[in-house]
Amino acid sequence: MYRFFIIACVASLTVACTVKPATDYNVDQDFSQYQDFAFSPMPEGAVVSIDAQRIERELTSQLQMKHLQAVTIEQADLLVDYRVDTATELESYGGSFSVGVGRKHGAIGMSSPDRYKERKYGKLVVEFLDPKTTSIVWRSISQSQLRETMGPESRAKFISEQIALMLANYPPSAQ
């Protein structure tokens, strides 16, 4: 019984720690009209990165599971665009907080961090464009961090999980 309780607690904490992506879409858009897709053309002379290959492979797989077919750009009624935006955060080191109590008095001490380190990470962005109106109709931005230090297997797993989360509620249900 104790083991079951521990497993249930760990599982619920894992689910609670999943950061949901930020998704936005045009509420007036009829998403049922989209039956096929193609990826937006890359700029002239652009190099396709390893992560881009992983992203395209996973997007294709996820969209096909949602009954959209991959076609050429000219035939597509939905264009898929993606990118990995670079973001930064500051990490601080060396700060402390302490409390002391003596016989006749007490004291509280605090110091601010002495060192800061800037950390860069990637945020996966996926956008769907309507080629007829040349406007974005749906967008999702991962809130999890694609770190430079991730190995190939963990990067592939991260991208797969994030795209699944991002497309979980696509197409948006009618309100």
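**Aromatic rings and the nonpolar core**

Good morning. Y25, F31, Y34, F128, W138 and Y170 form one aromatic cluster. I shall begin with this cluster and then turn to the core and to the protein as a whole. Please keep in mind throughout that the model is predicted.

A search of the whole structure finds 8 aromatic pairs. What is the relative accessible area of F31? The value is 8%, and F31 is therefore buried, the limit being under 20%. Y25, at 27% relative accessibility, counts as partly exposed.

I come now to the rings of F39 and Y82. Their centres are 6.0 Å apart and their planes are at 90 degrees, so this pair, too, is edge-to-face. Which strands hold these residues? F39 belongs to strand 2, residues 36-39, and Y82 to strand 4, residues 79-93; the pair therefore ties together parts that are 43 residues apart in sequence. Both F39 and Y82 are buried.

Next, the core. The largest nonpolar core comprises 24 residues, and those with the most contacts inside it are L59, V126, F128 and Y170. Two or more residues of this core come from each of strand 2, helix 2 (50-65), strand 4, strand 7 (115-130), strand 8 (135-141) and helix 3 (152-166). F128 and Y170 have already been named as members of the aromatic cluster. As for L59, its contacts, leaving aside neighbours within four places in sequence, are F39, V80, Y82, V126, I163 and L167.

Let us now consider the protein as a whole. Its secondary structure comes to 3 helices and 9 strands, and the order from the N terminus is α-β-β-α-β-β-β-β-β-β-β-α. Among contacts between residues at least 6 apart in sequence, 71% join residues at least 24 apart. Of the 175 residues, 27% count as buried. The accessible surface is about 12,200 Å², and carbon and sulfur atoms account for 55% of that.

Finally, a word on confidence. The average pLDDT is 83, and 78% of the residues score at least 70. Over residues 11-16, however, pLDDT stays under 50, and the model has 0 contacts there beyond four places in sequence. Where pLDDT is low, the predicted coordinates should not be read in detail. Thank you.

Definitions and conventions:
Residues numbered from 1 in each chain as written. Predicted model: local features only at pLDDT ≥ 70, side-chain atom pairs only at ≥ 80, totals over all residues. Heavy atoms only, no water. pLDDT = per-residue confidence, 0-100. Contact = heavy atoms within 4.5 Å. Helix = DSSP H or I, 4+ residues; strand = E, 2+ residues; numbered from the N terminus. Buried < 20%, exposed > 50% of the residue type's maximum accessible area, 1.4 Å probe, protein only. Areas by Shrake-Rupley, 256 points an atom, 1.4 Å probe, with all protein chains shown as cover. Phe/Tyr/Trp six-rings, centres within 6.5 Å; stacked < 30°, edge-to-face > 60°. Core = buried A, V, L, I, M, F, W, Y, C linked by side-chain atoms within 4.5 Å.
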